[in-house]
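Have the sequence and the 3D view open as you read.

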Amino acid sequence: MARADAVFDLSGGDSFTDLYGQKRFDAVAAPKHAAIRSRRPLILLPQTYGPFTNQKARAEASKLVRSSAVAYARDPRSYELLMTLAGPAADPERIRSGVDVAFGLEPRAPGEDVIALLHGLSDAPLAGVNISGLLLGDAAREMFGLRGDYIQTMTDLVRGLLRSGTHVVLVPHVHVPGGGGESDIGAIRVVQDQLSESERSHTSVMPSTMDAAELKWVIRQLDWFVGSRMHATIAALSSAVPTFGYAYSDKTRGVFETCGVGDQVGDARDLAGPEAVTRMLDSFEHRADLKVRLEMTAPPVVERAQAQLREVLLEIEAWQAQDAKVGSIG
């Protein structure tokens with residue numbers, strides 16, 4: 001870090017919070033502290049800030065934000081908290097509202113086997129379903145305050161989509177070697193085990209080892225998509241694929257609002273079971289209208305994702321040219 005011109009920090013997009021526990025917060029904060037100790041300009045790329053459940057973590061986050069050269073939030077809701085963390089003396093030129101960098105990700109075709117699989121499916125609508133391994137089990141329900149049985153809700157959704165005449169494409173977006181831990185493929189298998197043989201014959205599972213660009217290519221082929229993994233839904237939104245986010249925190253609504261589709265979010269802390277399934281199936285039924293909306297709102301967001309990276313790179317070049325030391329935000 002000491003030899004770097006600047007340090008870009010993303011916090012995984014949504015991990016600059018103590019929502020996932022103190023250990024994860026410490027791991028996310030550590031490289032930020034290292035950049036500051038190295039006296040290198042720290043640039044917080046577009047991400048979610050908070051929530052913070054204790055004052056100690058919030059105070060540490062505030063100090064890190066104020067010590068950064070530039071800080072971007074990835075949606076208007078998070079920008080409000082970023083402004084609070086930066087404090088009243090913050091330089092508004094260095095506290096910025098941006099969008100998630102994943103909006104600018106270029107899709108890349110996967111292997112021929114995956115392409116052949118998708119092209120070989122029937123003419124029925126393709127409904128993509130991402131089931132999060134993070135939300136699997138009672139521990140997750142307690143940790144995130146989920147209202148009901150997440151897996152049962154997703155199983156009932158898959159059955160509802162199948163009854164409507166779709167082919168369901170199950171899309172794992174997070175993979176841990178071996179398929180354990182928070183791997184989405186584990187949650188998908190639990191749902192599949194509850195389906196009948198006939199039901200399973202109208203589903204396909206994408207390989208869990210594809211990278212983000214390949215997964216985005218797959219998601220672009222779908223007629224509708226629902227997911228609990230934020231970046232899986234961003235892959236769909238940025239491709240103008242009608243999308244519903246089944247969320248477990250406030251971060252999802254803010255990102256969807258960036259594309260003007262905040263109404264396409266259901267919070268699993270308040271919404272579960274038949275009520276949640278009805279909301280998601282209603283989104284599926286109105287996918288044509290939703291696609292028209294996204295074809296208007298998504299392209300400017302994609303352009304913003306690309307422009308914000310260009311602007312910060314130009315600033316780094318300017319800092320180098322001036323041989324100036326970049327101070328703190330506040």
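This is a predicted model: local features need pLDDT of at least 70, side-chain atom pairs count only at pLDDT 80 or more; totals for chains, interfaces and linings use all residues.

Arg74 sits in the loop that links β3 (70-73) to α3 (76-86); helices (H or I, at least four residues) and strands (E, at least two) are DSSP runs, numbered from the N terminus. Is Arg74 buried or exposed? With a relative accessible area of 1%, Arg74 is buried, where buried means under 20% relative accessible area, exposed over 50%, and partly exposed in between (1.4 Å probe, protein chains only). Its side chain reaches the backbone oxygen of Gly13 at 3.4 Å.

Residues are numbered from 1 along each chain as its sequence is written, and side-chain values use heavy atoms, with hydrogens and water left out.

| Side chain of | Backbone atom | Distance |
|---|---|---|
| Thr203 | oxygen of Arg200 | 2.8 Å |
| Ser164 | oxygen of Leu161 | 2.6 Å |
| Asp211 | nitrogen of Ala213 | within 3.2 Å |

The Asp211 contact is at the start of α9. Helix α9 (residues 212-220) has seven of its nine residues buried, so the rest of the structure largely encloses it. Those buried residues are Ala213, Glu214, Leu215, Lys216, Trp217, Val218 and Ile219. Among the elements covering them are α4 (112-119), β8 and α10 (230-237).

Now for the nonpolar cores. Such a core is a set of buried Ala, Val, Leu, Ile, Met, Phe, Trp, Tyr and Cys residues joined through side-chain atoms within 4.5 Å. Which residues touch the most other members of the largest one? They are Val129 and Ile131, in a core of 34 residues. Elements that each supply at least two residues of this core include β5 (126-129), α6 (150-163), β6 (167-170) and α12 (273-285). Helix α6 gives the most, with seven residues. A second, separate core has 22 residues, including Leu42, Tyr49, Val65 and Ala71.

Two of those helices, α6 and α12, also pack together. Their axes come within 9 Å and cross at roughly 40°; axes are lines fitted to C-alpha atoms, for helices over the stretch in contact, and angles run from 0 to 180 degrees between N-to-C directions. The pair is therefore oblique, since angles under 35 degrees count as roughly parallel, over 145 as roughly antiparallel, 65 to 115 as roughly perpendicular and the rest as oblique. Leu157 and Leu161 are among the α6 residues that meet α12, where Met280 and Phe284 are among the partners.

At 37% relative accessibility, Ser164 is partly exposed. Not counting residues up to four places away in sequence, Ser164 touches Phe284 and Glu285, where contact means heavy atoms within 4.5 Å.

Last stop: Thr203, in strand β7 (residues 203-205). Thr203 counts as buried, at 10% relative accessibility. Leaving aside neighbours within four places in sequence, its contacts include Val158, Leu162 and His167.

Technical notes:
A polar contact is a pair of N or O atoms within 3.5 Å; within protein, one must be able to donate a hydrogen and the other to accept it, and residues adjacent in sequence count only if both atoms are side-chain atoms.
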